[in-house]
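The sequence and structure come first.

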Amino acid sequence: MAFDYDKWIRPGKLPHIWCPGCGHGIVMKGLIRAFETLQLKKENTALVSGIGCASRLPGYIDCCTLHTAHGRAAAFATGVKMAKPEMDVILVGGDGDGTAIGGNHFIHACRRNINMTYIIINNYIYGMTGGQFSPCTPTGHKASTTPYGNPDPGFDIAKLAIGAGATFVARGTAYHANQIDKLIVEAIQHKGFSVVEILDDCPTTYGRRNKYKSVIEMMNRLKEVAVPVKAAEKMSAEQLEGKVLTGILYKEVKPDYTSEYAKVIERAQAAK
Amino acid sequence: MEKTLPKIEIIEKYCKGCHVCVEFCPKDVLEMKGFYASVKNLEACIKCMQCELRCPDFAIKVITE
């Protein structure tokens with residue numbers, strides 16, 4: 001039977017603003033399927049985003065949503081979680097929003113291990129503002145502000161998150177659409193700061209500057225570069241050259257911020 | 001057992017003509033008709049739901065029983 005996405009979509013909001021072939025819609029579908037799997041309640045789910053193409057996502061979903069300042073999704077979401085620790089707080093944003101403008105908020109949310117889920121849709125570029133290079137644009141690739149190739153090395157969001165202290169880090173791609181909802185389900189269930197990076201295509205501002213002929217070619221590139229973590233264990237360093245690992249990359253159990261803060265409140269009240 | 005055919009509903013108001021459903025259909029059921037995707041050969045459909053899963057625009061529904 002066809003999956004009923006309409007239940008989670010705000011009436012009259014479709015068609016969405018994303019370009020033809022943009023994978024953000026695929027990620028949004030995965031997110032809705034994850035919500036449905038977990039049987040989340042609309043009034044108990046907060047979807048927080050910053051600014052950007054990916055950050056338009058909460059506008060379409062029918063739950064508690066917050067569209068905030070550029071890069072500040074993590075800061076606003078922390079506020080939501082501290083005020084209402086029982087809420088499921090999910091952040092959605094792009095690579096530029098999460099790792100450049102909001103880079104500091106992102107690493108500190110990781111460090112504090114706040115029980116939230118951050119879905120970073122990485123399309124390697126600033127799509128909405130006209131295709132400027134982002135911290136995730138690979139070296140040598142072209143953007144509107146680097147017409148002769150980007151000299152900077154790109155960020156590895158997963159490694160950054162692990163280094164900053166996130167306790168659940170996973171990576172998927174828009175091509176592996178079936179896997180997206182499974183990763184998001186695990187991430188939401190994990191108690192602590194969970195980061196799910198979804199590699200995506202941007203045919204309009206990234207693809208056409210980097211000689212991708214079609215959306216299909218971009219989708220197939222995602223298929224080619226992705227290697228599941230288990231398969232990678234059996235592969236040599238040369239075979240893994242230029243590949244990206246997908247699946248659950250890191251998981252550990254650590255005390256989360258809201259429960260630790262509740263203890264602080266208890267101690268402070270007892271000290272009166 | 002007789003094969004039951006699904007109903008493939010394409011919402012043209014949502015379709016942006018990105019070709020994703022047409023290219024990723026393993027049985028070549030769909031085609032582009034002008035700007036929009038349309039059903040070419042429903043008989044071949046195996047109900048794998050790839051088109052519904054991959055359509056970024058919420059424009060395809062594969063209705064089975």
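A residue counts as buried when its relative accessible area is under 20%, and as exposed when it is over 50%. Asp256(A), at 3% relative accessibility, is therefore buried. The model is a predicted one.

**Salt bridges**

Side chains of opposite charge can pair when their charged atoms come close. Over all chains, the structure holds 12 salt bridges. Three of them are listed here, with the N to O distance.

| Glu197(A) | Arg171(A) | 2.8 Å |

Glu197(A) pairs with Arg171(A). Because Glu197(A) lies in strand S8 (residues 194–199) of chain A and Arg171(A) in strand S7 (residues 168–173), this pair ties together parts that are 26 residues apart in sequence. Both Glu197(A) and Arg171(A) are buried. Together with Asp156(A), they are linked in a network of salt bridges.

Asp57(B) sits in the loop between helix H2 (50–54) and strand S4 (60–63), and Lys16(B) in the loop between strand S1 (7–10) and helix H1 (20–24), so the bridge joins parts 41 residues apart in sequence. Asp57(B) is buried, at 3% relative accessible area, and Lys16(B) counts as buried at 13%.

**Nonpolar cores and a surface patch**

The largest nonpolar core has 73 residues, and Leu31(A) and Ile61(A) have the most contacts inside it. Beyond its neighbours within four places in sequence, Leu31(A) is in contact with residues including Leu47(A), Ile61(A), Val92(A) and Ile184(A). A second, separate core of 25 residues includes Val48(A), Val80(A), Cys110(A) and Ile157(A).

On the surface, Ile17(A), Ile51(A) and Met128(A) form a nonpolar patch with about 240 Å² of accessible area together. Ile51(A) is in the loop between strand S1 (45–49) and strand S2 (64–67) of chain A. Its relative accessibility is 35%, so Ile51(A) counts as partly exposed.

**Chain B as a whole**

Chain B has two helices and four strands, in the order β-α-β-β-α-β along the sequence. Its radius of gyration is 11 Å, which agrees with the value near 11 Å for a compact globule of 65 residues. Of the 65 residues of chain B, 48% count as buried.

Technical notes: Residues numbered from 1 in each chain as written. Chains lettered and ligands numbered in written order. Predicted model: local features only at pLDDT ≥ 70, side-chain atom pairs only at ≥ 80, totals over all residues. Heavy atoms only, no water. Patch = residues over 30% accessible without salt bridge, like charges linked within 9 Å, V, L, I, M, F, W, Y side chains within 5 Å. Areas by Shrake-Rupley, 256 points an atom, 1.4 Å probe, with all protein chains shown as cover. Salt bridge = Lys/Arg side-chain N within 4 Å of Asp/Glu carboxyl O. Buried < 20%, exposed > 50% of the residue type's maximum accessible area, 1.4 Å probe, protein only. Rg over C-alpha atoms; globule rule 2.2 N^0.38 Å. Core = buried A, V, L, I, M, F, W, Y, C linked by side-chain atoms within 4.5 Å. Contact = heavy atoms within 4.5 Å.
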